[in-house]
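Welcome! Here is a short tour of one protein model, arranged by topic so that you can follow along with the structure beside you.

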Amino acid sequence: MRVYQGYVYALDEPALMLPEPLAALIFCESSNNPNAVGNYGEIGLLQVHFPSHRQLIERLGYTRADLFDPVVNVHVAAEIFAEQGIAPWACAQKEARDDR
């Protein structure tokens, strides 16, 4: 996971996501590219969809542009995970379908 591994392990909220699955999700969602933009406007390492999570992002004090910052992206994604689990991520949904 290169340089971003430190961000994952530095999260001060250990109950939110385990580092190894989070690192795998980052690779699956963005190939470790903090500037990745998905087909539907998902942004950054963890492909956070701003329209879907706008209230949370703004409540945390961030903007859409902030989602390109790897630290912010991981923090927002961890908060989303705490509220909704793994379901918002396409890679997780694909893996669940493949396991059937």
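Helices (H or I, at least four residues) and strands (E, at least two) are DSSP runs, numbered from the N terminus. By that naming, His-53 sits in helix α3. The model is a predicted one, where local features need pLDDT of at least 70, side-chain atom pairs count only at pLDDT 80 or more, and totals for chains, interfaces and linings use all residues. Residues are numbered from 1 along each chain as its sequence is written, and side-chain values use heavy atoms, with hydrogens and water left out.

**His-53 and its surroundings**

- His-53 counts as buried, at 9% relative accessibility; buried means under 20% relative accessible area, exposed over 50%, and partly exposed in between (1.4 Å probe, protein chains only).
- Setting aside residues up to four places away in sequence, His-53 touches Val-48, Ile-80, Gln-84 and Pro-88, where contact means heavy atoms within 4.5 Å.

**The nonpolar core**

- In soluble globular proteins, nonpolar side chains tend to be buried together.
- A nonpolar core is a set of buried Ala, Val, Leu, Ile, Met, Phe, Trp, Tyr and Cys residues joined through side-chain atoms within 4.5 Å.
- Here the largest nonpolar core has 19 residues, and those with the most contacts inside it are Leu-46, Val-48, Leu-67, Val-76 and Trp-89.
- At least two residues of this core come from each of α2 (19-30), α3, α4 and α5 (90-98), and the largest share, 5 residues, is supplied by α4.
- Beyond its neighbours within four places in sequence, Leu-46 is in contact with Leu-22, Leu-25, Ile-26, Glu-29, Asn-73, Val-74, Ala-77 and Trp-89.

**Salt bridges**

- How many salt bridges does the rule give? The count comes to 2, a salt bridge being a side-chain nitrogen of Lys or Arg within 4 Å of a carboxyl oxygen of Asp or Glu.
- One pairs Glu-58 with Arg-54, with the closest N and O atoms 3.0 Å apart.
- These two residues are separated by about one helical turn, because they are 4 residues apart in helix α3.
- Glu-58 is partly exposed at 43% relative accessible area, and Arg-54 is partly exposed at 44%.
- In another salt bridge, the side chains of Arg-59 and Glu-83 meet at 3.0 Å, N to O.
- That pair links distant parts of the chain, with Arg-59 in helix α3 and Glu-83 in helix α4, 24 residues apart.
- Arg-59 is exposed, with a relative accessible area of 58%, while Glu-83 is partly exposed at 49%.

**The largest pocket**

- A pocket is found on a 1 Å grid over the protein atoms alone, as an open set of points where a 1.4 Å probe fits, with protein on both sides within 12 Å along at least five of seven lines; lining residues have an atom within 4 Å of a point.
- The largest pocket has a volume of about 290 Å³, the volume being the space filled by probe spheres set on the points, with grid points joined across faces, edges and corners.
- Its lining has 15 residues, and Glu-29, Glu-42, Gln-47, Pro-88 and Ala-90 lie nearest the centre.
- Two or more lining residues come from each of β2 (48-49), α3 and α4.

**Asp-66 in its loop**

- Asp-66 lies in the loop between α3 (50-59) and α4 (70-84), and is partly exposed at 28% relative accessible area.
- Not counting residues up to four places away in sequence, Asp-66 touches Gly-61 and Val-72.
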